[in-house]
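Keep the view open as you go through the points.

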Amino acid sequence: MATLPESQALLGEPRFNWSDPASWTELEQELGIEFPADFREIVDTYGSIEINGQLYLKHPAGHLLHDLGEMIRRDLELWRDEDMAEFLPDPVGANPGELMPVATATTGEAIFLRVPDGPSSSWRVAVQEFDSPAWTLYEMTFSEWLLAYLRGRDVTLCSQGFAPDRPFWEFLP
């Protein structure tokens, strides 16, 4: 399993380092889901950021201009629309097997965490290419998927050329 130190080695030192779980607890209670620990750890470490000028990660702290809860509520509404639902392999939501939107990209992709089917199942990442009906389910955790992205692997984010020297990040404005 990929670890935060591996991602930090590629991204560089974080400057957010959130330690109050209240914003996660509130969002998880609202949605009826407990996000995977690796996703929470990465977001708590870096906050609401843009990676390689392309991938947007958001933190649930409500005082932030770019907050995960607001993004999820908006995206759940979007993807539940009958015209949009046909572009995903599973419905969106917090039930087993459903997809929870957690990130977006400037290149038009929506990144989802697939809720495990049962206690022995793992979280997986699904990426939908917004400008087409194509989607891909990755048999990897969020931290593994992010590490693959940071290493320039094709995880459908058209990542080649966005960080020619090394991955970089900046806080969302």
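1. Start with Arg-74, which is partly exposed at 46% relative accessibility. (Buried means under 20% relative accessible area, exposed over 50% and partly exposed in between, with a 1.4 Å probe and protein chains only.) Its salt-bridge partner is Asp-75, with the closest N and O atoms 3.7 Å apart. Asp-75 itself is buried, at 7% relative accessibility.

2. A word on what you're looking at: this is a predicted model, where local features need pLDDT of at least 70 and side-chain atom pairs count only at pLDDT 80 or more, while totals for chains, interfaces and linings use all residues. Residues are numbered from 1 along each chain as its sequence is written, and side-chain values use heavy atoms, leaving out hydrogens and water.

3. How many salt bridges are there? With a salt bridge taken as a side-chain nitrogen of Lys or Arg within 4 Å of a carboxyl oxygen of Asp or Glu, the count is eight.

4. One of them joins Glu-30 to Arg-73, with 2.8 Å between the closest N and O atoms. Glu-30 sits in helix H2 (residues 22-31) and Arg-73 in helix H4 (residues 68-80), so this pair ties together parts 43 residues apart in sequence. (Helices, H or I with at least four residues, and strands, E with at least two, are DSSP runs numbered from the N terminus.) Both ends are partly exposed: Glu-30 at 46% and Arg-73 at 32%.

5. Arg-73 also has a salt bridge to Glu-70, at 3.8 Å between the closest N and O atoms. These two share helix H4 and are three residues apart, about one turn of the helix. Glu-70 is partly exposed, at 43%. Put together, Glu-30, Glu-70 and Arg-73 are linked in a salt-bridge network.

6. On to the rings: the structure holds 11 aromatic pairs. Phe-39 is buried at 0%, and Phe-142 is buried at 1%.

7. Lastly, Phe-39 and Phe-142 belong to one aromatic cluster with Trp-24, Phe-35, Trp-145 and Tyr-149.

Terms used:
Phe/Tyr/Trp six-rings, centres within 6.5 Å; stacked < 30°, edge-to-face > 60°.
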